[in-house]
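Work through the exercises below with the coordinates open. Try each task before reading its solution.

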Amino acid sequence: MVWMRRLYFGCLVMGFFIAHGAMAAEGNGGADDCYLDGWQYSLQCSRITVGKGDTQVKLAVMVSPALDESGEEPLYLLAGGPGQAASDLAILLNKFRKINQTRAIVLVDRRGAGLSRPFSCGIDRNTPNELEVISKSLADCYLQQTTFANSLSSRQTIEDLELVRKHFGHEKISLWGGSWGTRTALLYQQWYPDSLTALVLDAVAPIDTKVFLGASAAEHALQTLVRDCQSDLACSRFGDWRGELEQLLINWDDSAAKKFPDPVTGRISEQPMSLWALQSMIRAALYSPEASAQLPFAITEAGSGNYLPLAGIAGFFSDTTTGMSLGLTFSVACSEELHRISEEEVAADIAGAFIGRAFLEFFSRGCDVWPVPKRPYSKPEPRHHPVLLISGEADPITPPIYAQKDLDYLSNKQHLIVMGGGHINSIRGCIPDLIDKFLTSPEVKLDQACVKDIHRPPFMIGAYGPELDRRGGSDSKGMEQGGSGSD
Amino acid sequence: MSIVDNVLSQQFQALVLKELLEVWRDRRALMIALGFTLLFPAIMIGSGALSFKVVSETNLNIAIVGSDYAPLLENQLHGTGFRIDLLREGIPRELLEDKYDAVLQIGKEFETDYRNLLSPKVYLYVDGSSKSGGRGIQLIQERLGTLQKTIMQQRLSARGIAPQVLTPWQLQIRDVSTPSSRGLAILGIMVPVLLIMALMVCSAAPSIDTSAGERERMSIETLLQQPLNGWQIIVAKVLAVTSIGWFGSLLSLAVLTLSFTLLPLAEIGVQFSAGIAELVAMSFLLLPLALLVAVLQILLALRSQSFKDAQIQLSILQGLPVALLMIVNLSDIKLDSPAWQLTPLIGQQQWLSLLMAGEAIPVPLALAGSLVTLSLVGLCILVGARALSRESLLGAT
């Protein structure tokens, strides 16, 4: 049942999950050598004390130095969530090796995340995946650490980043932000434009976009999957599996919930699969092209009473160890996002969406017991830094439309859209090379032709896997896998 | 007269000047020095950069025989690095002999066996003796492995099994090397050997000319009639030969350092960390060795029967130190003990390696080792001087 308890890590927050992910740094104090899971070489780790009294934190800063000391500005990686730690992103260094040749890569665990006094409220992978239990834990946690909970914000994170930049004597920096990290990067750009050279934003959450209204985005991702499945000769045989999903969710009852198998033990789950958890699991699968390629088959099978394939997809998240600190998540989400969403907007967002209120429910219930002060953003001012935007066409939380419609104030931007791509695409196909080229010559327009070579993995067609004797789709050549999925 | 007075004497200074002029006016010696120091590193670095470019940019020609039975495999192989031809039939051995680097053969029964979960076989034919054969195996395995992993995950999912069930543990590698220490394995062996080779090669021609050459020209007899001690003659010759040998090795060092900026070292995770201080230290550490090489080569040439004999002997013997260094490096001998560090040649090689990788050297040991080398130089000078005074080194002209 542990698998189900961990489900919210992958599906209910705006972070992203990548293979390995877990962090375990060694060393403390000055710039010591240390290691992070997912990256085999040592990093230079140091601690910088920020805050006072109850809110004091020793920020964990990890640097992968440049191989060539050519003086290029360093690249800071900003993690998602809010609540994910930069130290979770060490695995990206494998794909960013070329970038790391000429510029240092800096990982800063923001206050309340990862190795910087993680604010998890005791909620971890072993906490039951029940809204009531999580809500109760959050309420107790807020009462015990009110000052710390009230202190955490994007503004504070950006001030800390600026402190780190000055501490290391970096005249200018570039930022890579993933998911919620793009929001942090965009706010940094607003408040410290002179410290910035360029921005790379993957899975963009613009300042003005209400990203927690995620039901229609998730439905859009599902519809894109439907479209791609229909254009695949083998997958199209599943017919109207979107309709079957609708029926499955409508008819989901206690009897079905109690029959759901546990993908880790192979037995029937002791904890029933609630409708909320089922919707969340399907939404989470859409983050990853690998998991979503299994949805048409799994949903069709579930429609005929075989829940094993759906349980197998749930198993994708059973070992997700992203280290999301929910205390931090709620401090930022409740103070900066949830308060600006009206009930009318929610109603419009969930209309016709398979996820319904399930995504927002988690946050609205959490924010009820997490009464942090509101922190509205100012209207973004025009900025002229070179910005590279990266979006997955089928991203269920930050679809490309967000970057297209809410970033007019950026005058110097390029947008890469990965067809059929999920959430976070920086490590897929030629994207790492394009990021490197962009950072080297930010003013040059990138040749985006290679992005078209990134495709969905083959659809699962039967118990044997994908079909081998038919070409996937009309243009399927050279599938590229191993993207943002939790493989 | 004291040694200092001897060294400062006008006759000695004139002798040194004469030896230096003769060495530096010898176009052949200069050509050898410049040729070796400029061309050899350029060829090495050029071939290194070229092979890297070839490996990273050359497409492999792949033939897939029977691709109709599993187009998905063909799809998976498409992309950078491969040029793929689809063939209905063909004999793999002949295809390899024709133009292909690898041939993937898929059988008729593949699809049926795959669907029945019978794990059908796919055959990969390569020519292991060709350069591209090994690379073909690796790249094809990598790409098909990715697809295989996806299919494995789907098959597990279809049965309701989490992927972690088949991952009993995750091995996390912690590599304690640094970019510069990784460079030690490449630069640390290659560069010191090259610098020592430069010393040997650049010193050889002037050593022979100043000893066996002078003897054949009979000018050495005139020299011996001058009011000079035997050791003064040897020292003057050693200084002259050292000047060109040392110059050659310093030029090599400069050319190599510049060349490293052209090599894509960072792409293989290696860093060239030697700074100005390290390069200056390397230059000074080479000086005692340059003196030793010069005096040994002069003694050997003086003992030879003729100019030609001297050329043959030195040609044979100058390969020995390099061979010795290679053997010592490739063997399991631990070279960090003080005894090895005090041994001429091996000591220098160790310090140059460390400095090349941007690491610190044991200064007391380096000083002591250099003194040992210089003592040997002194001893050889005395031996040469005694032999000169007995004319025993003049050999049979």
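**Exercise 1. The largest cavity**

What volume does the largest cavity have? Then find which residues line the largest cavity.

Solution. The model is predicted, so local features need pLDDT of at least 70, side-chain atom pairs count only at pLDDT 80 or more, and totals for chains, interfaces and linings use all residues; side-chain values use heavy atoms, with hydrogens and water left out. Residues are numbered from 1 along each chain as its sequence is written, while chains are lettered from A and ligands numbered from 1 in the order in which they are written.

- Step 1. Set up a 1 Å grid over the protein atoms alone; a cavity is a set of points where a 1.4 Å probe fits but cannot get out, and lining residues have an atom within 4 Å of a point.
- Step 2. Join grid points across faces, edges and corners; the volume is the space filled by probe spheres set on the points.
- Step 3. The structure holds three cavities of 30 Å³ or more. The largest cavity comes to about 120 Å³.
- Step 4. Its lining includes Leu59(A), Leu78(A), Gln84(A), Arg110(A), Arg111(A) and Asp160(A).
- Step 5. Helix 7 (residues 154–167) of chain A gives the largest share of this lining, three residues. Helices (H or I, at least four residues) and strands (E, at least two) are DSSP runs, numbered from the N terminus.
- Step 6. Sort the lining by class: six nonpolar, three polar and three charged residues. Ala, Val, Leu, Ile, Met, Phe, Trp, Tyr, Cys and Pro count as nonpolar, Asp, Glu, Lys and Arg as charged, and the others, Gly among them, as polar.

**Exercise 2. The sheet of chain A**

Give the strand order of the open sheet of nine strands in chain A. Then follow strand 8 of chain A to its partners, strand 7 and strand 9.

Solution. 

- Step 1. The order is 1-2-3-5-4-6-7-8-9, with mixed pairing. Two strands pair if DSSP finds at least two bridges between them.
- Step 2. Strand 1 (32–36) and strand 9 of chain A each have a single partner strand, so one side of each lacks a neighbour in the sheet. From one strand to the next, the twist averages 25 degrees.
- Step 3. Strand 7 (residues 196–202) of chain A runs parallel to strand 8 of chain A, joined by four bridges. Here Leu201(A) stands opposite Leu389(A).
- Step 4. Strand 8 (residues 387–392) and strand 9 (residues 413–418) of chain A are also parallel, over six bridges. The chain passes between them through helix 19 (residues 400–405) of chain A, in a right-handed β-α-β crossover. Right-handed means that, with the strands pointing away from the viewer, the path from the first strand over the helix to the second runs clockwise.
- Step 5. Helix 8 (residues 180–191) of chain A lies across strand 4, strand 6, strand 7 and strand 8 of chain A, at about 155 degrees to strand 7. Contact means heavy atoms within 4.5 Å. Axes are lines fitted to C-alpha atoms, for helices over the stretch in contact, and angles run from 0 to 180 degrees between N-to-C directions.

**Exercise 3. Backbone exceptions**

Which peptide bond is cis, with omega near 0 degrees? Which residue other than glycine has phi near 55 degrees?

Solution. 

- Step 1. Recall the background: most residues other than glycine have a negative phi, and most peptide bonds are trans.
- Step 2. The bond from Gly81(A) to Pro82(A) is cis. Pro82(A) sits in the loop between strand 4 and helix 3 (92–95) of chain A.
- Step 3. Cys121(A) has the positive phi. Its loop joins strand 5 and helix 5 (131–144) of chain A.

**Exercise 4. Chain B: sheet and pocket**

Find the strand order of the open sheet in chain B. Then say which helix gives the most to the lining of the second largest pocket.

Solution. 

- Step 1. The four strands run in the order 2-1-3-4, with mixed pairing. Strand 2 (82–87) and strand 4 of chain B are the edge strands.
- Step 2. Six bridges join the parallel strand 1 (residues 60–65) and strand 2 of chain B. Helix 7 of chain B packs on this sheet, touching strand 1, strand 2, strand 3 (102–106) and strand 4 of chain B.
- Step 3. A pocket is an open set with protein on both sides within 12 Å along at least five of seven lines.
- Step 4. Helix 7 of chain B gives the most, with eight residues. The lining divides into 15 nonpolar, three polar and two charged residues.
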